[in-house]
Amino acid sequence: MTLPSTVTVTAAETNVASACLGLGLIQAPRYRVASKLVGGALVEVLPDFPPTPLPVHVLYSHTRQLSPRLRVFIDWMAEQFRERLKSENP
């Protein structure tokens with residue numbers, strides 16, 4: 001007899017490892033599970049119904065001048081997400 005149970009984890013790595021062991025379904029960012037999907041350890045469920053994308057925010061103190069390093073990082077991150085969205089939604 002199989003009893004109903006819930007597995008709760010607090011780390012992303014444990015979440016993925018639990019799914020690879022067959023302990024249930026997970027919802028995780030694609031970058032975190034891409035190698036497991038390619039390797040066959042995980043199988044995508046309902047690929048035609050992806051979850052709504054979550055926004056990403058960059059926060060910095062408005063009381064300090066934005067450093068050139070941070071500006072370059074923000075621009076780089078924005079480009080990474082732009083490219084990823086283009087490749088996922090041709």
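This passage walks through the fold of the chain and then a handful of its residues. The model is a predicted one, so local features need pLDDT of at least 70 and side-chain atom pairs count only at pLDDT 80 or more, while totals for chains, interfaces and linings use all residues. Residues are numbered from 1 along each chain as its sequence is written, and side-chain values use heavy atoms, with hydrogens and water left out.

Start with the overall build. The secondary structure comes to three helices and zero strands, and along the sequence that reads α-α-α. Helices here are DSSP runs of H or I with at least four residues, strands are runs of E with at least two, and both are numbered from the N terminus. The chain is more spread out than a compact globule, because its radius of gyration is 18 Å, well over the 12 Å that the globule rule gives for 90 residues. That radius is taken over C-alpha atoms, and the rule is 2.2 Å times the number of residues to the power 0.38. Along its principal axes, the C-alpha trace spans about 65 × 35 × 20 Å.

Buried residues (under 20% relative accessible area, against over 50% for exposed and in between for partly exposed, with a 1.4 Å probe and protein chains only) make up 7% of the 90 residues. Contacts tell a related story. Taking contact as heavy atoms within 4.5 Å, 12% of the contacts between residues at least 6 apart in sequence join residues at least 24 apart.

One of the buried residues is Ser 18, with a relative accessible area of 14%. Its place is in helix H1, which covers residues 12-20. Not counting residues up to four places away in sequence, Ser 18 touches Val 7, Val 9 and Leu 23.

Past that helix, Gln 27 sits in the loop between H1 and helix H2 (30-39). Gln 27 counts as exposed because its relative accessibility is 65%. With residues up to four places away set aside, Gln 27 still touches Asn 15 and Pro 51. Its C-alpha atom is separated by 13 Å from that of Thr 14, 13 residues apart along the chain.

The loop between H2 and H3 holds Leu 46, and Leu 66 is found in that loop too. Leu 46 has a phi near 55°, a positive value in a residue other than glycine. For context, most residues other than glycine have a negative phi. Leu 46 is exposed, at a relative accessible area of 56%, whereas Leu 66 counts as partly exposed at 25%. Leaving aside neighbours within four places in sequence, Leu 66 is in contact with Tyr 60, Arg 71 and Ile 74. The C-alpha atoms of Leu 66 and Ile 26, 40 residues apart along the chain, are separated by 38 Å.

Finally, the aromatics. The structure holds one aromatic pair. The rings of Phe 73 and Trp 76 have centres 6.2 Å apart and planes at 35°, so the pair is tilted. Rings of Phe, Tyr and Trp (its six-membered ring) pair if their centres lie within 6.5 Å, and planes under 30 degrees apart count as stacked, over 60 as edge-to-face and the rest as tilted. Both residues lie in helix H3 (residues 68-88), three residues apart, or about one turn of the helix. Phe 73 is partly exposed at 43% relative accessibility, and Trp 76 is partly exposed at 46%.
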